[in-house]
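Please read this briefing with the model open beside you.

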Amino acid sequence: MTRKLRWGLLSTAHINQALFEPLRRSSRNTLLAVASRDPEKAQAYARRNKIPRAHASYEALLADPEVEVIYNPLPNSLHAEWTIRALQAGKHVLCEKPLALSTAEVDAIACAARQYQRVVAEAVMYRTHAQTLEVRDLVQAGKLGRVRLLRGSFLYNGTEAGNYRLDPALGGGCLWDVGIYPLGYARFVLGAEPLEVFGWGTTGATGVDETFVAQMRFPTDAYVQFDVSMAAPYHTFIEVIGDEASLVVAHPFTPGVKESLYLTRRGNTSALAIKGTTTYVGEVEDMANAVLNGAPPAVSLADSRGTIAAIQALHASAAAGKPVSLSNDQ
């Protein structure tokens, strides 16, 4: 019989629901516990969602000797702290994006992961999906020719009162929340890090960026442009343009079981069918591969660090009103 990894949920965050079915249908994972700082809330949440154990504090969850993997969906400003505390308690961690709010925090997480010999992975759900891997393979195999441009967008309306993403103290703002998607997608598909970035942001009433537009220059002479917003109707896409062909990805960040890529060459467009899984299955099974089989996670800590370095540079660019160069020591 395959041993099942026992998972604990660090809080009762809404995003937890995305993991319920992948964990319960998995032959290598099982959902054991949930924690809340409110004991009654923890108990009610556990009963409602048929979770065997409810812990009355985050510390109690980390102290549970039978919990092996912690899922950390806390607000952005708490990701690094509680990921490190979970590692110190001997747990593996799947942490929601962004993994941290600075490269220094990523370095601290990486240090703790090495010290306690545990796996840490950032929960970027589209990265393990067959569609994303196919886009990367097409680009890397030269099927589009030499990539000249990559464009992307992730817009949604999230300015309702009470949304913690509007609080700068909690690491709010659209660049931290959804900028990571097109930015990380570009880095993954191109297989390179940006040399220089330029960004513009619109600041909302609470002091966070509600809309952000970015440009990035890559060492391959490819240019990336993306826009993100939490104050606009929902819209996503990725377009990769080479000197021989172009590729449109209609649902890049929440791909489904059946998807299509649209390849245009010499004015003729064809649809490439992609058979995948439901969105969050991949990241759960990827964690099992890493913990049980010793495989490297789909999103490495170095990969997460690269994304966060670029976001920091974009924020710095918007503040200064000029391009910002990136270096390996950022």
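On a 1 Å grid over the protein atoms alone, a cavity is a set of points where a 1.4 Å probe fits but cannot get out, whereas a pocket is an open set with protein on both sides within 12 Å along at least five of seven lines; lining residues have an atom within 4 Å of a point. Grid points are joined across faces, edges and corners, and a volume is the space filled by probe spheres set on the points. The second largest cavity, in these terms, holds about 60 Å³ of space.

This is a predicted model, in which local features need pLDDT of at least 70 and side-chain atom pairs count only at pLDDT 80 or more, while totals for chains, interfaces and linings use all residues. Residues are numbered from 1 along each chain as its sequence is written, and side-chain values use heavy atoms, with hydrogens and water left out.

Helices (H or I, at least four residues) and strands (E, at least two) are DSSP runs, numbered from the N terminus. For residue classes, Ala, Val, Leu, Ile, Met, Phe, Trp, Tyr, Cys and Pro count as nonpolar, Asp, Glu, Lys and Arg as charged, and the others, Gly among them, as polar.

**Cavities**

- The structure holds two cavities of 30 Å³ or more, and the largest cavity has a volume of about 70 Å³.
- Residues that line the largest cavity include Glu122, Val124, Arg127, Ile180, Arg187, Val299 and Asp303, and the elements that give two or more residues to this lining are H7 and helix H9 (301–320).
- By class, the lining of the largest cavity has four nonpolar, three polar and four charged residues.
- The lining of the second largest cavity includes Leu94, Glu122, Val124, Arg127, Glu283, Asp286 and Val299, and it divides into six nonpolar residues, one polar and four charged.
- Strand S6 (120–123) and H8 each supply at least two residues of the lining of the second largest cavity, with the largest share, three residues, coming from S6.

**The largest pocket**

- The largest pocket contains about 730 Å³ of space, and of the 28 residues that line it, the closest to its centre are Ile15, Lys97, Tyr164, Arg165 and Asp177.
- Strand S7 (147–157) and helix H7 (174–190) are the elements that give two or more residues to the lining of the largest pocket, and H7 gives the most, with three residues.
- The lining of the largest pocket is made up of 16 nonpolar, six polar and six charged residues.

**Helix packing**

- Two packed helices are described by the angle between their axes and the distance between the axes; the axes are lines fitted to C-alpha atoms, for helices over the stretch in contact, and angles run from 0 to 180 degrees between N-to-C directions.
- Angles under 35 degrees count as roughly parallel, over 145 as roughly antiparallel, 65 to 115 as roughly perpendicular and the rest as oblique.
- The axes of helix H1 (residues 17–25) and helix H8 (residues 281–293) come within 9 Å and cross at roughly 55°, and H1 and H8 are therefore oblique to each other.
- The contact (heavy atoms within 4.5 Å) is made by Leu19, Pro22 and Leu23 of H1 and by Val281, Glu283 and Val284 of H8.
- Helix H6 (residues 130–140) packs against H7 at an angle of about 45°, with their axes 8 Å apart, which makes H6 oblique to H7.
- The axes of H5 and H9 come within 9 Å and cross at roughly 165°, so H5 and H9 are roughly antiparallel to each other.

**Backbone**

- Most residues other than glycine have a negative phi, and most peptide bonds are trans.
- Lysine 97 and proline 98 are joined by a cis peptide bond, with omega about -10°, and proline 98 is found in the loop between strand S5 (92–96) and helix H5 (103–116).
- Lysine 50, although it is not a glycine, has a positive phi of about 55°, and its place is in the loop between helix H2 (39–48) and strand S3 (53–55).
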